[in-house]
Amino acid sequence: MPVLKKQKTFTLERTYGAAPAAVWRAWTEPDLLARWWGPEKTLVPECRVDCRVGGEIAIVMEAGPGMGKYAGTRWPMVGTFTEVDEPRRLVWSAESWTDGTREDTLIEHVNTVTMTEQDGGTHVRLDVVISSIGPKARMAAFGMKWGYKSQLGRLEDVLAPAAAG
């Protein structure tokens with residue numbers, strides 16, 4: 001797998017009306033995480049989170065019927081938590097790929113989520129560092145920023161009841 005000469009990075013930021021504890025739960029409780037992970041028109045049939053240093057995060061994203069020819073395609077991600085500072089910071093190293101073509105579509109990345117209390121809500125900063133991209137994964141790696149941006153929008157819907165209550 002080619003390691004990139006220069007790592008690809010991107011940062012996304014968003015502020016939610018929910019308290020940091022609620023945002024933390026949305027990132028670390030599998031039932032909540034599965035409700036918002038992935039861009040529009042995807043679903044999460046499998047989600048495991050062992051939120052401790054050395055613990056696993058494993059999420060399978062699946063293209064729903066609204067994704068046309070991609071419907072049914074699965075994109076697993078497995079990772080290991082390297083930093084857990086509740087309710088402020090999560091860091092995990094991960095591998096993502098297209099199911100059935102792991103060797104060619106593997107993307108290695110590190111994800112850092114920082115949550116800061118702000119005016120009764122929570123400011124979330126997501127930093128993603130991509131260190132290697134398989135020969136057939138360039139388009140998927142390019143789309144990661146769009147996918148993460150979309151799912152942060154979906155997180156708003158999951159947090160809305162917590163912000164209201």
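Two residues are in contact when heavy atoms of theirs lie within 4.5 Å. All the views below come from a predicted model, where local features need pLDDT of at least 70, side-chain atom pairs count only at pLDDT 80 or more, and totals for chains, interfaces and linings use all residues. Residues are numbered from 1 along each chain as its sequence is written, and side-chain values use heavy atoms, with hydrogens and water left out.

**View 1. W27 and its partners.** Leaving out residues up to four places away in sequence, W27 touches L33, W36, W37, L90, W92, V113, M115, V124, L152 and L155. W27 is also among the residues with the most contacts inside the largest nonpolar core, along with W36, W37 and W92. That core has 39 residues; a nonpolar core is a set of buried Ala, Val, Leu, Ile, Met, Phe, Trp, Tyr and Cys residues joined through side-chain atoms within 4.5 Å. Helix α4 (residues 138-164) gives the most to this core, with seven residues.

**View 2. Helix α1, mostly covered.** Helices (H or I, at least four residues) and strands (E, at least two) are DSSP runs, numbered from the N terminus. In α1 (residues 20-28), seven of the nine residues are buried, where buried means under 20% relative accessible area, exposed over 50% and partly exposed in between (1.4 Å probe, protein chains only). The buried ones are P20, A22, V23, W24, A26, W27 and T28.

View 3. Strand β6 (residues 107-118) runs antiparallel to β7, and the two pair over 12 bridges; pairing takes at least two bridges found by DSSP. Look for E108, which sits opposite S132 in β7. Two residues lie between the strands, and D119 takes a positive phi near 50° in this hairpin. As for β7 itself (residues 121-133), 10 of its 13 residues are buried, so the strand is largely enclosed by the rest of the structure.

**View 4. S150 on helix α4.** S150 is found in helix α4 and is buried, at 15% relative accessible area. Setting aside neighbours within four places in sequence, S150 is in contact with P39 and E40. A polar atom of the S150 side chain lies 3.2 Å from the backbone nitrogen of E40.

**View 5. Two cysteines, C47 and C51.** What keeps C47 from bonding to C51? The sulfur of C47 is 12 Å from that of C51, its closest cysteine sulfur, and that is too far for a bond. A disulfide needs two cysteine sulfur atoms within 2.5 Å, and a search of the whole structure finds zero. C47 counts as buried at 18% relative accessibility, while C51, at 27%, counts as partly exposed.

Terms used
A polar contact is a pair of N or O atoms within 3.5 Å; within protein, one must be able to donate a hydrogen and the other to accept it, and residues adjacent in sequence count only if both atoms are side-chain atoms.
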